Amino acid sequence: MAKERLTPRVKKLLGEMERERGYVSIPKSYVAKKDPDFMEAYNNLYNKGLRAGKALPVKTRELVAIAILAYRTRDDGVYEHMKRALRHGASKQELLEAIETTIIPGGAPTFDTGIRALMRIVEEEEREKKAKK
């Protein structure tokens, strides 16, 4: 299959999304290529919601997003937003406590979703440490 040629606009948009999030999902990459106007509007909304605001820093906004995604049992979303929260200064203890907070209002499935994502991050870090030795 031939590699798809991207317009400069789409390359720029995907690059901005990658820098901000640390990844671009396959569905969002697809939409960026097919309808860049829509994806630019979505990306602007994403940035307004998850970048630092007047009172809440990125880390705190990510903790909120993590709890909601865990409630919705979005395993990959929880994982990716945990990684982003870590890049913006959250500790693994803060991630744990954010997920612990979800158990009463969100129930065991919410809690389990969050813990699975955190365990995945810890396991990846342990594998990376072993690989460096």
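## Nonpolar cores and aromatic contacts

In this predicted model, the largest nonpolar core comprises 16 residues, and I66, V78, M82, L95 and I99 have the most contacts inside it. A nonpolar core is here a set of buried Ala, Val, Leu, Ile, Met, Phe, Trp, Tyr and Cys residues joined through side-chain atoms within 4.5 Å. Buried denotes under 20% relative accessible area, exposed over 50%, and partly exposed the range in between, with a 1.4 Å probe and protein chains only. At least two residues of this core come from each of α4 (58-71), α5 (75-87) and α6. The largest share, 7 residues, is supplied by α6. Helices are DSSP runs (H or I, at least four residues), numbered from the N terminus. Apart from this core lies another, of 6 residues, including L13, L14, M17 and A32. In soluble globular proteins, nonpolar side chains tend to be buried together.

Residues are numbered from 1 along each chain as its sequence is written. Because the model is predicted, local features need pLDDT of at least 70 and side-chain atom pairs count only at pLDDT 80 or more, whereas totals for chains, interfaces and linings use all residues; side-chain values use heavy atoms, with hydrogens and water left out.

Contacts, meaning heavy atoms within 4.5 Å, are given here without residues up to four places away in sequence. M82 touches I66, L95, I99, G114, A117, L118 and I121. I121 is found in helix α6 (residues 92-132) and counts as buried because its relative accessible area is 4%. The contacts of I121 are Y79, M82, K83 and L86. Between I121 and E80 there are 41 residues of sequence separation and a C-alpha to C-alpha distance of 9.6 Å.

| Charged residue | Ring | Distance to ring centre |
|---|---|---|
| R21 | Y46 | 3.6 Å |
| R120 | Y79 | 3.5 Å |

Rings of Phe, Tyr and Trp (its six-membered ring) pair if their centres lie within 6.5 Å; planes under 30 degrees apart count as stacked, over 60 as edge-to-face and the rest as tilted. By this rule there is 1 aromatic pair. The ring centres of Y42 and Y46 are 6.4 Å apart with planes at 40°, so the pair is tilted. Both residues lie in helix α3 (residues 36-50), 4 residues apart, about one turn of the helix. Y42 is partly exposed at 28% relative accessibility, whereas Y46 is buried at 9%.

Technical notes. Lys NZ or Arg CZ within 6 Å of the ring centre and 35° of its normal.
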